Amino acid sequence: MPNNSDLPLIPTSVVGSHGLPGWMYSALEQTELGVFGATDEREMYDDAVKLAIQDQESAGIDLITDGEMRRWKFVQSFYSRMSGLTLQDPLRKLGPEGYDSVPRYVAEERITVPEGLGIVSEFNYAQKQASHALKATCPGPVTMSIHIRERPSAYKNRLELANEFVGPINAELKALVKAGAKYIQIDEPSHSIIGGTIDDYVDLFNRTVEGVDARIGLHVCFGNLASRPRFERGYADLFPKIMDVTADELVLEFANRELRDLDVCAQITEGKDVVAGVVDVKSFHIESAEEVAGKINKVLEYSPAEKVGVVPDCGFFTVPRWLTVRKLQALSGGAKIVRKELAG
Ligand SMILES: [Zn+2]
């Protein structure tokens, strides 16, 4: 994200999803019940995207997304575009929402994605609405596989399953570039579930983005379903191998971990840019612009400003819309303070 002439120093962006407006939860329930026709449904999603874009632009975010408003729970909506999958009941239906209470799929046959992932049409619509620079986001092959059970399966293990998604994602990314995407972020929070090594993870990523002529970001966090992480929350084990990914920038989560691991920014900016999470999406605490500026300045202790961008830790899917807006305003305000300080 940094080093780009159309963006300011220490550009602000988002990781992807925006807080859904309250009415949309109700509308989605009605859709499930068959109350909405196809036109009503399209209008609902279009309106939601317009709101997400408007919220981000009004808050002053430099590089925005469509809020991922047409997706459900990050990856769930992609499964409906795949063949070879059979839906299974969640393992647990009672109690709080968690990683064990989402719908699961079994790959009874090899998976195909006959019509593509649909991200190009999301991007085409958003491009018509946005006046700020626009970023496209796409789950990586490992993350795309997370709600598909490892057993029983047409695949011998999760690595082979994840590998099946490399081709379809690569084709989608190339089509995004043709549609005008200049910034693409791949989301791979789930690196530790493939059961392979960090080398397998890097290899999958590099084949996924091969030949994709855009600025590429890799977002690695620790999971965010129901605002809960899923993995041990440290980045140190990924280094130095993660630097072999063919990405221009790493987009990492720091705010929720009280800036733990911030020293990795020094390693990252030896070869790439770092886009640091400085707003906590897992907390109701409303950061002030000054507080965010303080966190950005901590990042700058490790990395030169021209190699730094800032974001919230992860998507806002589990955050109410009003709170999402307040947090975006704090992010934008914090970056403005630091730019002013640096200007002298
Ligand atoms: Zn994330």
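The model is predicted.

**Entry 1: α1 against α2**

I began with helix α1, residues 22-32, and helix α2, residues 38-59. Their axes come within 11 Å. The crossing angle is roughly 160 degrees. Angles over 145 degrees count as roughly antiparallel, and α1 and α2 are therefore roughly antiparallel to each other. I noted the hand of the α1 and α2 crossing as left-handed.

Next I listed the residues that meet. From α1 they are W23, M24, A27, L28 and T31. From α2 they are E41, M44, Y45, D47, A48 and L51. By class, this contact of α1 with α2 has eight nonpolar residues, one polar and two charged.

**Entry 2: α2 against α4**

I stayed with α2 and turned to helix α4, residues 119-129. The axes of α2 and α4 come within 10 Å and cross at roughly 55 degrees. That makes α2 and α4 oblique to each other. The crossing of α2 and α4 is right-handed.

On the α2 side I found D46, V49, K50 and I53. On the α4 side I found Y125, A126 and Q129. The contact of α2 with α4 divides into four nonpolar, one polar and two charged residues.

**Entry 3: α4 against α7**

How do α4 and α7 lie relative to each other? Helix α7 spans residues 166-179. I read an angle of about 20 degrees between α4 and α7, with the axes 9 Å apart. Angles under 35 degrees count as roughly parallel, so α4 and α7 are roughly parallel to each other. The crossing of α4 and α7 is right-handed.

I119, V120, F123, N124 and Q127 form the α4 side of the contact. E172, A175, L176 and A179 form the α7 side. Six residues of the contact of α4 with α7 are nonpolar, two are polar and one is charged.

**Entry 4: A136 in strand β4**

I looked up A136 and found it in strand β4, residues 133-139. A136 has 4% relative accessibility and counts as buried. What touches A136, leaving aside neighbours within four places in sequence? I found F123, L176, Y183, I184 and Q185. F123 belongs to α4 and L176 to α7, and both are listed in the contact of those two helices. I also checked A136 against I186: they are 50 residues apart in sequence, and their C-alpha atoms are 8.7 Å apart in space.

**Entry 5: the loop between α5 and α6**

H147 sits in the loop between α5 (141-144) and α6 (158-164). Is H147 buried or exposed? H147 is buried, with a relative accessible area of 5%. Not counting residues up to four places away in sequence, H147 touches V75, Q76, Y79, V102, P103, R104 and Y105.

P152 is also in the loop between α5 and α6. I checked the peptide bond from R151 to P152 and found it cis, with omega near -10 degrees.

**Entry 6: the zinc ion**

Which protein atoms are donors of the zinc ion? I found NE2 of H219, SG of C221 and SG of C314. They lie 2.1 to 2.2 Å from the zinc ion. Along the chain, the donors follow the spacing H-x1-C-x92-C.

H219 lies in strand β6, residues 215-220. C314 lies in the loop between β9 (308-312) and α11 (321-343). The pair therefore ties together parts that are 95 residues apart in sequence. Both H219 and C314 are buried.

**Entry 7: the loop between β6 and β7**

Last, I went through the loop between β6 and β7 (249-253), where P240 is found. A cis peptide bond joins F239 and P240, with omega about 0 degrees.

A226 lies in the loop between β6 and β7. Its phi is near 55 degrees, a positive value in a residue other than glycine. A226 counts as partly exposed, at 25% relative accessibility.

S227 is found in the loop between β6 and β7 as well. Phi of S227 is near 60 degrees, again positive in a residue other than glycine. S227 has a relative accessible area of 23% and is partly exposed.

Notes. Residues are numbered from 1 along each chain as its sequence is written. This is a predicted model: local features need pLDDT of at least 70, side-chain atom pairs count only at pLDDT 80 or more; totals for chains, interfaces and linings use all residues. Side-chain values use heavy atoms; hydrogens and water are left out. Axes are lines fitted to C-alpha atoms, for helices over the stretch in contact, and angles run from 0 to 180 degrees between N-to-C directions. Helices (H or I, at least four residues) and strands (E, at least two) are DSSP runs, numbered from the N terminus. Angles under 35 degrees count as roughly parallel, over 145 as roughly antiparallel, 65 to 115 as roughly perpendicular and the rest as oblique. A crossing is left-handed if the near helix is turned anticlockwise from the far one by less than a right angle, and right-handed if clockwise. Contact means heavy atoms within 4.5 Å. Ala, Val, Leu, Ile, Met, Phe, Trp, Tyr, Cys and Pro count as nonpolar, Asp, Glu, Lys and Arg as charged, and the others, Gly among them, as polar. Donors are N, O and S atoms within 2.8 Å of the metal (3.2 Å for Na, K and Ca); water is not among the atoms, so sites may look incomplete. Buried means under 20% relative accessible area, exposed over 50%, partly exposed in between (1.4 Å probe, protein chains only).
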